[in-house]
Amino acid sequence: MSETAVVHEPGKARETFRAITRDVSWVAEAPKPHKLWLLALAVSTGMFGIGLYSIYVLVTTGIGVWGNSNNVAWAWDITNFVWWIGIGHAGTLISAVLYLTRQQWRVSINRAAEAMTIFAVMCAGLFPLLHTGRPWFAWWMLPLPNDMGSMWPQFRSPLMWDVFAVSTYLTVSLLFWFMGMVPDLATFRDRCALQGKKVRSAIYGVLSLGWRGSAKHWHRYERAYLILAGLSTPLVFSVHSVVSFDFATSQLPGWHTTIFPPYFVAGAIFSGFAMVLTLLLPLRFLFNLQHIIKQEHIHAMCKIMLATGMMVGLAYGTEFFIAWYSGNPFEMFAFRSRAFGPFWWAYFAMVSCNVLAPQFFWSKWVRNNNVMIWILCIFINVGMWFERFVIIATSLARSFLPSAWSYYTPTRYDVGLFVGTIGMFIMFFLLFFRFLPVAAMSEIKGASPEAHAGGPSKGGHH
Amino acid sequence: MATKDHDAAPVTPEPVNGEGELYGVLAEYDTPGELVEASRRVRDAGYTEFDCYSPFPVHGIDSAMGIKRTILPLVIFGGGFAGALGGLALQWYCNAHAWTWNISGKPTWSIPANIPVAYECAILLAALTAFFGMWAFNKLPQVWHPLFRKDRFARVTDDGFFIGIEARDRHFDLDKTQKLLQDAGAIAIEPAYYDPDPAKKVMPRWITAFIVASTAFALIPFAIAAKARNSHSPDPHIHIFADMDYQPKFRSDQKLDIFKDGRANLGEQPGTVARGHLPEDDLFFRGLDGEAGAQKWTTGFPKLYPDGRPFAVDGALLERGRGRYEIYCTPCHGYDGRGNGMVPERVKLGGGLWQARNLVEAPDAKGAGGVAVQMPNGQLFNTISNGYNTMMGYAAQIPHADRWAIVAYVRALQRAQNASQADVPPDLQGSIR
């Protein structure tokens, strides 16, 4: 009995698993990419090119090409940094916090959300790096031995905390993302081998590190995954708290508030979920992922946006109350000028996008209407950008000394770099969609009812 | 594999030819539940060298197979702990040891400000330990494995559930083992062999080559840096971004072809004075008089300014001297020169002592005291320039000509403070009361 013995054919339970594999792999395996995908890639690459040109002008000239001034020293650059970092947080929240709280629906979107996290953090990191003016000295922020009188970083500065928080966040997000992807890369490897695509199979083979689905491997893998989720959860809260410390530890009215860490974290989750849906709704439609990313998952995300949107709204109100309650004339002035000062339009854009727009999610009709959801998500993205701009620019433009008051206007290079990061983000995301497993196949299979098929108690198929 | 449609199960038995050593037996099961059941039976039959393979972690298989709980969490805790301690140590070394900064008198070492970075370091190291530790314990990456030679096994990442029993197990017997797996409900069973080619039992050659090449490539910058550190070159450093380290200017004795001698500096030129060579007049610049080798402090004043103008002791000079004196000298010596300026007075109020010389004190009949009155002009000038005892030199603040003006004014003060009635002009004698 040394030859293969086939006793009987596989049963029907396995069709569910095959369907999941097929539906997800199809996105990367389709011989020709969708025309809209190509168009979007071309547009986003063009936007990325604008960003590269803006960086070229900035680096060769200096940050004088930006609209920043002595008074409004932090402007679009830091606004964009905080905005992008916040967007990244939804990915970690979905992959880690919802994992720990056993929200099964996360499996359909966690991969894409984690990818979004990484690309968003890459975009975010560009801004402080370029704001240093001479980014080739960025290594001065690292505690490296040097011949400059052995100069070391000052760890009391929240900007140094930022360096550590953001770089840790990027590293851990990359590890988490990659680790989650290994079993699915192995699926790609095996499918490419069966389809005779040798080069692709070899590349996916190396990336999947020789994964063979061994139960002993799964055992350690699941432990490590659980612990990484457990580590990412405090990490994600600490990262945006540290980002908010950049402001909260300063003395400037409008920045110097203890509400910032929770307020920033809620805003980060809010904007992150909006960005997840902004990206996934069109791609879900384009690549027929309706039975992977189900409408009920979109429902859940809408509810999270509704909740975090109201937290953000509560924070806006609390800020004003505390400014009045403190009796501090400088605080009161800062908030009066925030809402009614020269940047009143930004403040009202923020409130209407962040507080009013999500109220539509109370309606089930809206939560079922993906076009509506997409439009509202765009509003939220815009509103969250304005929130950071309002905090940063209006506070600086009306600081303690009236002689230092000024107005802020961005230049074309401010706009160019921001457009460039949006292009880079979308470009990377589209490439990810085409070449890597867009949904966690192994997790979706494990979360399906058929994962328990054939057990002693059930003994049948669902 | 000829089958194009991956979704149909491959059912054709494979012929055994050109196989290497026997690795073991591979059995496929239909459902996760059957896999768990089968693995329990294999374990109960006493097998230890076996493993289950599935597209996702199957619930309950750990206990069925008897997998011991991994110690990975403990190792990760160690990593996180080391990260926290390392983060604290790093900050202590940087800010409290190697580069201490006094910022508003705050302590150089205070835990609260160092918590965020230590926290991030703990998470970073724990996460790195979790990631790399998991792969290390799993002995991955290992891109070659005898089971990968089975086409059927490709389904393990799709919808296949397998048990592989290795031939090295002490209970292993090809027929008996296959019988056991079949009785446990396998839908397909086949023996698995190593590749006859020993090269296929190690890392593929192209991956090894890639790793070696990329490692060598990555070492090139370090090699260049090491070479540069241990060699000398007349060329300036390579600066990708020059900043202000190199400026378009020439230094002494640099090569420059536009001059006849090929040097950037021209040397001595007639009619010019080289930088730093101007103050040659000992009288004006140092207050010295007399023959070379036997110079003394002058008792007079310079004859000429360095630019050739005649030096005159007149009202304008005294007025200039009064202005400079009141700016630079009054804080200690006082407006009348008696050494009771604001600084000594305030020190006295605080109970201390800060003596400034009384510039106008006249010597007694025996010629004792009255040091400043008896000093030659040149020495007074030198004292202003270079200081004396606790008085610092004012050469950096007061130009030479102004120092001479102060000397003239001090002389006037001394005269005025020690005046007798006879010094009053005759036409004003009557107004003295």
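Let's start with chain A: a compact globule of 462 residues would have a radius of gyration near 23 Å, and chain A has 24 Å, which agrees. That radius is taken over C-alpha atoms, and the globule rule is 2.2 Å times the number of residues to the power 0.38.

Some housekeeping. Residues are numbered from 1 along each chain as its sequence is written, and chains are lettered from A and ligands numbered from 1 in the order in which they are written. This is a predicted model, so local features need pLDDT of at least 70 and side-chain atom pairs count only at pLDDT 80 or more, while totals for chains, interfaces and linings use all residues.

How confident is the predictor? The complex gets an ipTM of 0.92 and a pTM of 0.77. Now pLDDT, the predictor's confidence in each residue, from 0 to 100. Chain B has a mean pLDDT of 88, and 95% of its residues reach 70 or more. Watch residues 1–15 of chain B, though: there the pLDDT is below 50. Beyond near neighbours in sequence, that stretch has 17 contacts in the model. A contact means two C-beta atoms, placed from the backbone, within 7 Å. Where pLDDT is low, the predicted coordinates should not be read in detail.

Back to chain A. Its C-alpha trace spans about 95 × 60 × 40 Å along the principal axes. Chain A has 15 helices and one strand. Helices (H or I, at least four residues) and strands (E, at least two) are DSSP runs, numbered from the N terminus. Take the contacts in chain A between residues at least 6 apart in sequence: 82% of them join residues at least 24 apart. Buried residues make up 52% of this chain. Buried means 20 or more other C-beta atoms within 10 Å of a residue's own, exposed means 12 or fewer, and partly exposed is in between; the C-beta atoms are placed from the backbone.

L129(A) sits in helix α4, residues 110–131. Why is L129(A) partly exposed? Because it has 14 C-beta neighbours inside 10 Å. Leaving aside neighbours within four places in sequence, L129(A) is in contact with P135(A) and A138(A). From F81(A), L129(A) is 48 residues away in sequence and 10.0 Å away in space, C-alpha to C-alpha.

Next, R102(A), in the loop between α3 (76–100) and α4 of chain A. R102(A) is not a glycine, yet its phi is positive, about 55°. With 7 C-beta neighbours inside 10 Å, R102(A) counts as exposed. Then N288(A), in the loop between α8 (260–286) and α9 (295–326). N288(A) is not a glycine either, and its phi is positive at about 55°. It has 11 C-beta neighbours inside 10 Å, so N288(A) counts as exposed.

Now the core. A nonpolar core is a set of buried Ala, Val, Leu, Ile, Met, Phe, Trp, Tyr and Cys residues joined through C-beta atoms within 7 Å. The largest one has 198 residues. Among those with the most contacts inside it are M116(A), F273(A) and I163(B). Which helix of chain A gives the most to this core? Helix α5, residues 158–194, with 17 residues. A second, separate core has 17 residues, including C329(B) and L413(B).

On to the interface. In chain B, 80 residues are in contact with 77 residues of chain A. On that side of chain B, α4(B) gives the most, with 16 residues. The side divides into 53 nonpolar, 15 polar and 12 charged residues. Here Ala, Val, Leu, Ile, Met, Phe, Trp, Tyr, Cys and Pro count as nonpolar, Asp, Glu, Lys and Arg as charged, and the others, Gly among them, as polar.

Last stop: the strands of chain B. Strands pair if DSSP finds at least two bridges between them. β3(B), residues 161–166, has five of its six residues buried. Six bridges join β1(B), residues 22–29, to β3(B), and these two run antiparallel. There, Y29(B) stands opposite F161(B). β2(B) and β3(B) also run antiparallel, joined by four bridges. F50(B) has I165(B) as its bridge partner in β3(B), and Y53(B) has F162(B). Both faces of β2(B) are covered: F50(B) and C52(B) are buried on one side, D51(B) and Y53(B) on the other.

One backbone detail to finish. The peptide bond from L140(B) to P141(B) is cis, with omega near 0°. P141(B) lies in the loop between α4 and β3 of chain B.
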